[in-house]
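Thank you all for coming.

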Amino acid sequence: MAEATLPAAAPKRAPIKHKRIGFWRSILRIFRELREAIVQALTSLVAHRLRAALTITGIAIGVGTVIAIYSAVAGLDDSFAKQLSMLGPNTLYVSKWSWGSNRENWWKLRNRPGVGRGDYRALLAGAKLPEAVAPIVGTQSTVGIGEHELQNIDIRGTTDAFLESGGFQVKHGRFLTSVDEEIGTDACIIGADLEDAFFKNAEPLGGRLKVGPMSRCTVVGTLVRKGNAFGQSQDKVLILPLSSFGRAFGAKRSMTIAAVAPIGRVRETEEELIQVLRTYRRILPDQDDNFTVNRQDKILQSFNQTTLALKVVAGLIGVITLLVGGIGIMNIMLVSVKERTREIGVRRALGARRSTILLQFLCEAVAVSCVGGMVGTALGIGVAWFLAQVTPMSAAVSPSVLLLGVGFSIGTGLLFGIWPAASAALLQPIEALRHE
Amino acid sequence: MALIELQHITKTYDLGLSKVHALRDIDFNIEKGEFVAIVGQSGSGKSTLMNILGCLDVPTTGAYLLGGRDVSTLADDELADVRNLEIGFVFQSFQLLPRASALENVELPLIYRGVSPRERREKAKAALDRVQLGDRTHHKPTELSGGQRQRVAIARALVTDPSLLLADEPTGNLDSATGEDIIRLFLELHAAGNTIVLVTHEPKLAARCPRAVRVVDGLVVADGEGQRVAFENQRDIDAAAAAALAAQQQMASGLSQREPGTGAHHG
Ligand SMILES: Nc1ncnc2c1ncn2[C@@H]1O[C@H](COP(=O)(O)OP(=O)(O)OP(=O)(O)O)[C@@H](O)[C@H]1O
Ligand SMILES: [Mg+2]
């Protein structure tokens, strides 16, 4: 078999001069070993498909849960931000109700007197700081042209000052004027959904609509589209003069009074509103207010508290599932190290350093967790999307959430892979070679 | 200066209750370009000595100078580099990676010295050619005969162009004809200038080496011309061999095994 056809290699080595791996070669070596480690990790993943698939499933469920919940919460945040944007940052809202109040409070607040025209006039006359004061009443009713009718449209009654309180912007035409209020004209301003529904191919300005009991309202303006919040359109809205609204839907409704504070003087304005109303309502000094001056940042606070709780719960669920997945990774890595003890011995005998072995097994752990993370991210986005389709919730998938998912899974791989990998790296070469 | 200087090497395994003195006082040199056979009874400490020579293990006391450098003082990473750069190791049980092809197995040590993939491939091919396996590069170990596997292992040891080629009973798992091929390969490698240390049980093989060292109970009892040292205790060896043969035949007849064919390949 083996014939003497060897090339005559010259005996050229000088015994004193030790062979060395040069500096640059040792840098290159890191990358070449890393490349090899990644190839090995993927090969091993494919070789142990079933085993890897089970572990990947564990990680995927963990990461998927975190991503789904975070996307849902982010969607909630988005909706909320949109709805908040309707409320101007400097606008105070006087109401019978306290925003973001809990259930116990609800019973107390229920017995308060409603905010009415008297309060409005008192504020108009007595509050000097506000730049604008707008009364707002609302109901839901039917709007239509002839046979074509839409149900559950938000009808608002207010005055020209409403525009200044922020939220809506006029797209075409005009907003309400003081004349509309004084005379009680049939002018109305419509939201984008109504414009689409009734004036698809027609000029909306001057159009005639039936609004609840009012047989004829004239469109004098249209509003810029606002989009959805909490799965509901904010553009199914129709605005009337307060006086006309009162005639059609009754004047005794409890209203909300929007007062626009000068920039930087929100607190002072709030104080003034409270003072004026307490005087008007003859509240004794030792009695509590029987109204609330609401502020955007208060509602933001209570909302943030709620979503924070959600986020903490989501985080806990995520950590627990990742822990379970991580234990799965540790388990298969320990099995893998055990199975390949001899291989580790061979590699060490051929010149692999401890760090090389560590790198190889860490790569394998991260490969498993990373695939799990990617599957889980896809899963989480899928679930969030599905929820957004079947529930009024919206889901926002932000790039940061993707990073979070992949980052978490890589972290899990590293955290739970380090021990098996270190145990592999610490094996003595001869002991590993002798392993059966 | 000698390539290898062993200065009063001892190795003691501490088993808690007892201590095993595997090597007691090993003290000899090996020059560059030598071909040395190490012979001795089972349990005499040959493998222990080879592991120390191969920097897979360190002596309990004494110094091992490889090319003038005391390797027993080196850190773990430095030892790994010495194994990679200076030493080629051939094992009795081949120790190939089962999932890797012959070529990938031979490439392995080159990774640990940062050689580029293309250069690795070229060098590994050349090494496989050198052991006449140029046509088996993509075979997995399970698709190769025992002799072929051992030649892949030798190619892997050679591919780094080591200063020292170590082989611990490389023919131990092979039938005599295949073992003969392997020994011839080692003789050729020696003729080409390689320094080789080989452990063997077979006096006939040791006799063909220019130099042989006999180890008994962790001590060197004879060191000299292969011919002389290998057959020094021929009577003892013959007796032991006869006893072993008798035991084997007894077992074979009991189990009605296939008859031992001299030309059959192992594995
Ligand atoms: N890891 C170990 N722990 C304890 N004792 C050991 C260990 N390795 C070897 N020994 C002991 O050291 C002695 C020498 O063993 P070694 O393997 O070097 O013998 P050997 O000459 O190679 O034998 P063989 O020809 O059977 O391979 C033996 O008595 C053995 O039991
Ligand atoms: Mg041995």
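Let me begin with a term: a residue is called buried under 20% relative accessible area, exposed over 50%, and partly exposed in between, with a 1.4 Å probe and protein chains only. Please keep in mind that this is a predicted model, in which local features need pLDDT of at least 70 and side-chain atom pairs count only at pLDDT 80 or more, while totals for chains, interfaces and linings use all residues. Residues are numbered from 1 along each chain as its sequence is written, chains are lettered from A and ligands numbered from 1 in the order in which they are written, and side-chain values use heavy atoms, with hydrogens and water left out.

With that in hand, D217(B) is partly exposed because its relative accessible area is 48%, and its phi is near 50°, a positive value in a residue other than glycine. D217(B) sits in the loop between β10 (211-216) and β11 (219-225) of chain B, where strands are DSSP runs of E of at least two residues and helices are runs of H or I of at least four, numbered from the N terminus. C55(B), also not a glycine, has a positive phi of about 60°, but C55(B) counts as buried because its relative accessible area is 2%; its place is the loop between α1 and β5 (61-66) of chain B.

Now to the ligand. Which chains surround ligand 1? Residues of chains A and B do, so the site is shared between chains; a residue counts as near if one of its heavy atoms lies within 4 Å. The shell has 15 residues, of which S42(B), G43(B), K46(B), S47(B) and T48(B) come nearest. As for polar contacts, meaning here pairs of N or O atoms within 3.5 Å, an oxygen atom of ligand 1 is 2.8 Å from a polar backbone atom of G43(B), and a backbone N or O atom of S44(B) is 3.3 Å from an oxygen atom of the ligand. From chain A, an N or O atom in the side chain of R434(A) lies 3.1 Å from a nitrogen atom of ligand 1. α1(B) gives the most to the shell, with three residues.

Finally, I38(A) belongs to helix α1 (residues 23-47) of chain A, and I38(A) counts as partly exposed because its relative accessibility is 41%.

Note on methods: A polar contact is a pair of N or O atoms within 3.5 Å; within protein, one must be able to donate a hydrogen and the other to accept it, and residues adjacent in sequence count only if both atoms are side-chain atoms.
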